[in-house]
Amino acid sequence: MSSFYIAETVTHHGLVCVEEAKLYTRPQTLPLIFGAAITTETAKWLGSWADGLITISHPLPKLREVVDAFREGGGEGKPMILKVQLSYDRDEESALQKAHQQWRNNIFKNIVMAELRTPQQFDAAGEFVQPKELYDLVKISSDTQQFVNWLQEYIDLGFDELILHNVNREQELFIRVFGEKVLPAFAK
């Protein structure tokens, strides 16, 4: 079966301005629109209109608040996706040090992030971050069973999909080990 597209070029000036945009035939099934939220306020608002929620891992009590707010706002039963920041290596100290090397600039509150303008400013701010501060926002371990336990907590919270982001640079090791020891625990 061949695809059939009808294209139309449009220009529109209003709340959104578009110059010579090419519009194609809409799909028969419209794609879901996921809204991204980190705060409970945004999550509650998204619940009222978005088809689903995407967020990042926080300490479990705060993440539970975001999920509850999304559901209270109208998101009950809608799909939820979680991006999980993690750092895996052969030993925990390496996992921690490599996470600190790559991710220490990404743990600041929004008010700080909004004020940093250059890579040099991010690097300078990151110099004040101690490695152990990453434990609150990054799942760091060398124990694959610990990762299984953490991921199961997210599934139990109601997340339909987990996006695993190994924040250190040991990507081949991460893919191999998680493929062999972590992901099989969730095979259905």
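Modeller: A word on terms before we start: rings of Phe, Tyr and Trp pair if their centres lie within 6.5 Å, and planes over 60 degrees apart count as edge-to-face. Please keep in mind that this is a predicted model.

Colleague: Thanks! With that definition, how many aromatic pairs does a search of the whole structure find?

Modeller: One of the pairs joins Tyr 88 and Phe 147, with 6.1 Å from centre to centre and 70° between the planes. Tyr 88 sits in strand E5 and Phe 147 in helix H6, 59 residues apart. Over the whole structure, the number of aromatic pairs found is 6.

Colleague: How is the pair of Tyr 88 and Phe 178 classed, and why?

Modeller: Here the ring centres are 5.7 Å apart and the planes stand at 70°. Planes over 60 degrees apart fall in one class, so the pair of Tyr 88 and Phe 178 is edge-to-face.

Colleague: And which elements of the chain does that pair of Tyr 88 and Phe 178 link?

Modeller: The two residues are 90 residues apart, so to speak distant parts of the chain. Both Tyr 88 and Phe 178 are buried. The elements linked are strand E5, with Tyr 88, and helix H7, with Phe 178.

Colleague: Which residues form one aromatic cluster with Tyr 88?

Modeller: Phe 147 and Phe 178 each pair with Tyr 88, as the ring distances of 6.1 Å and 5.7 Å show. The cluster also takes in two further names, and its members besides Tyr 88 are Phe 147, Trp 150, Phe 174 and Phe 178.

Colleague: Is Phe 147 buried or exposed?

Modeller: Phe 147 is among the residues with the most contacts inside the largest nonpolar core, which has 27 residues. Helix H6 (144-156) is one of the elements that give two or more residues to this core. Beyond its sequence neighbours, Phe 147 is in contact with residues including Leu 86, Lys 139 and Val 182. Buried means under 20%, and with a relative accessible area of 1%, Phe 147 is buried.

Colleague: On to charges: which residues are linked in a network of salt bridges?

Modeller: Side chains of opposite charge can pair when their charged atoms come close. Lys 98 forms a salt bridge with Asp 89, the closest N and O atoms being 2.7 Å apart, and another with Glu 170, at 2.9 Å. Lys 98 takes part in both, and the network links Asp 89, Lys 98 and Glu 170.

Colleague: Which of these counts as buried, with a relative accessible area of 3%?

Modeller: Lys 98, at 25% relative accessibility, counts as partly exposed. Glu 170, at 26%, counts as partly exposed too. The cut-off for buried is under 20%, and the residue with a value of 3% is Asp 89.

Colleague: Last one: how far apart in space are Phe 186 and Gln 152, C-alpha to C-alpha?

Modeller: Phe 186 is in the segment after H7 and counts as partly exposed at 21% relative accessibility. Phe 186 touches Val 148, Leu 151, Gln 152 and Ile 155, leaving out residues up to four places away in sequence. Although Phe 186 and Gln 152 are 34 residues apart in sequence, their C-alpha to C-alpha distance is 8.5 Å.

Definitions and conventions
Residues are numbered from 1 along each chain as its sequence is written. This is a predicted model: local features need pLDDT of at least 70, side-chain atom pairs count only at pLDDT 80 or more; totals for chains, interfaces and linings use all residues. Side-chain values use heavy atoms; hydrogens and water are left out. A nonpolar core is a set of buried Ala, Val, Leu, Ile, Met, Phe, Trp, Tyr and Cys residues joined through side-chain atoms within 4.5 Å. Buried means under 20% relative accessible area, exposed over 50%, partly exposed in between (1.4 Å probe, protein chains only). Helices (H or I, at least four residues) and strands (E, at least two) are DSSP runs, numbered from the N terminus. Contact means heavy atoms within 4.5 Å. A salt bridge is a side-chain nitrogen of Lys or Arg within 4 Å of a carboxyl oxygen of Asp or Glu. Rings of Phe, Tyr and Trp (its six-membered ring) pair if their centres lie within 6.5 Å; planes under 30 degrees apart count as stacked, over 60 as edge-to-face and the rest as tilted.
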